[in-house]
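Welcome! Please take a moment to look over the sequence and the 3D structure before reading on.

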Amino acid sequence: MRVQVEPMAAKTILNRVRVPAMPFDWSINPYRGCQHGCGFCYARSTHTFLGQTADDAFQRHIYWKEGAPDILRKQLARLARQGKLPEHAAIGTATDPYQPLEAKAKLTRGCIEALAEYGVPFSVTTRSPLVLRDLDLLRRAPVSVNISLHTLDMQVWRRFEPASPAPWRRLEAIGRLTDAGVPVTVFAAPMLPYLTDSREAAAELAEACRSRGAGRAMIDFLRLQTPEVKQWFFGVLERHYPGLVPVYGKLFHLRAGLPDSYLRPARERVAAEFRRRGLTGSDESARKPDDGRIGGAADAGYAAAPGETRAIEADGFMSGAFRGSGCAPVQLTLF
């Protein structure tokens with residue numbers, strides 16, 4: 001199916017994040033929609049704010065922010081005059097800044113150039129080895145790169161992330177980034193119950209990331225935060241793993257996240273494999289998960305400040321331990 005691309009006007013590119021739960025204060029997202037179209041993508045429902053549906057349109061109708069680097073430079077110049085330049089900017093908190101359109105549009109590269117000119121530290125979160133194109137900038141700037149990679153199972157990858165770069169290509173990207181001296185964090189998320197969260201799968205993934213030089217890893221599990229995201233995910237699940245539909249139905253009944261009875265032991269067994277390889281701290285599995293119920297503790301944690309849109313998680317990340325690393329929680333107003 002043909003991808004439709006459309007420019008959109010933007011007044012700002014660098015967006016202030018005023019929700020205390022968010023692990024960054026400034027975000028940059030050059031695109032709306034994402035060509036990767038992952039089956040579990042937390043941001044799919046944001047397309048409804050553009051008058052689009054939250055189904056195929058999310059990956060087939062992509063918006064790019066016209067003149068993003070120039071707009072960013074003007075913002076940075078104003079902040080510099082005020083002595084208020086950001087201590088850190090997170091790039092890719094919503095949709096992938098290195099999705100295929102970036103190869104031609106080069107908005108992310110332009111934004112990185114602007115941040116580097118003003119000496120603003122930044123991080124990039126992506127699934128794409130296209131990030132390697134910008135090694136000339138990344139190796140000189142105060143930067144970290146977060147590579148999202150939750151499985152090495154080619155079948156699971158093809159079914160849930162059919163338009164994203166293959167796992168082995170992401171591993172190669174990790175290796176080349178670390179060889180160039182760029183710090184890399186692996187976002188091992190979202191872990192999918194009964195599909196990617198076995199001890200064996202975790203050990204294979206952790207070892208592959210360690211051998212490529214990744215410095216740390218963050219682990220988190222599937223969340224289905226909005227009705228649109230949940231509906232799309234269950235459609236993918238029913239198509240490829242129909243036997244798991246009733247199982248997931250029980251796990252996610254009236255809740256956005258997994259119940260503690262499942263999440264705690266699953267997190268521990270996955271975290272243990274990364275911990276053995278020095279990629280997570282001893283507190284990774286000790287974090288107390290909430291029960292994820294709609295309207296319960298999980299939702300309360302995402303409450304936006306007055307006048308702001310309710311926050312949701314990006315691939316389930318909500319760990320304050322990664323403040324400044326550019327991990328991916330997202331607020332719908334960040335675009």
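## Confidence in the model

The mean pLDDT of the protein is 83, and 79% of its residues reach 70 or more; pLDDT is the predictor's confidence in each residue, from 0 to 100. Over residues 285–291 the pLDDT is below 50, and this stretch has 21 contacts in the model beyond near neighbours in sequence. Over residues 293–335 the pLDDT is also below 50, with 137 contacts beyond near neighbours in sequence. A contact here means heavy atoms within 4.5 Å. Where pLDDT is low, the predicted coordinates should not be read in detail.

This is a predicted model, in which local features need pLDDT of at least 70 and side-chain atom pairs count only at pLDDT 80 or more, while totals for chains, interfaces and linings use all residues. Residues are numbered from 1 along each chain as its sequence is written, and side-chain values use heavy atoms, leaving out hydrogens and water.

## The protein as a whole

The protein has 12 helices and 12 strands. These are DSSP runs numbered from the N terminus: helices are H or I with at least four residues, and strands are E with at least two. Of the 335 residues, 59% count as buried, where buried means under 20% relative accessible area, exposed over 50%, and partly exposed in between (1.4 Å probe, protein chains only). Among contacts between residues at least 6 apart in sequence, 76% join residues at least 24 apart.

Let us begin with a sheet of 3 strands. It is open, runs in the order β1-β5-β4, and has mixed pairing. β1 (4–8) and β4 (31–32) stand at the edges with a single partner strand each, so one side of each is left without a neighbour in the sheet. Two strands pair if DSSP finds at least two bridges between them.

β4 pairs with strand β5 (residues 61–65) in the antiparallel sense, over 2 bridges. Here arginine 32 stands opposite tyrosine 63 in β5.

## Helix α7 and its surroundings

Helix α7 covers residues 167–179, which makes 13 residues. From its first C-alpha to its last it reaches 19 Å, close to the 18 Å expected at 1.5 Å a residue; the expected span is 1.5 Å times one less than the number of residues.

Which residues of α7 are buried? They are Pro167, Arg170, Leu171, Ala173, Ile174, Gly175 and Leu177. These buried residues pack against α5 (135–138), β8 (143–148), α6 (154–160), β9 (184–191) and α8 (199–211). Just after α7, glycine 181 takes a positive phi of about 85 degrees.

## Strand β9 and its partners

β9 is mostly covered, with 8 of its 8 residues buried. It pairs with β8 in the parallel sense over 4 bridges, and 5 bridges join β9 to strand β10 (residues 216–221), also running parallel. Valine 186 is the bridge partner in β9 of isoleucine 147, and in β10 the bridge partner of valine 186 is alanine 217. The chain crosses from β9 through α8 to β10 in a right-handed β-α-β crossover. Right-handed means that, with the strands pointing away from the viewer, the path from the first strand over the helix to the second runs clockwise.

## Threonine 196 in the loop

Threonine 196 sits in the loop between β9 and α8. Is threonine 196 buried or exposed? Threonine 196 is buried, with a relative accessible area of 2%. Not counting residues up to four places away in sequence, it touches His150, Thr151, Val156, Pro190, Met191 and Ala201. A polar atom of its side chain lies 2.8 Å from the backbone nitrogen of leucine 192.

Technical notes
A polar contact is a pair of N or O atoms within 3.5 Å; within protein, one must be able to donate a hydrogen and the other to accept it, and residues adjacent in sequence count only if both atoms are side-chain atoms.
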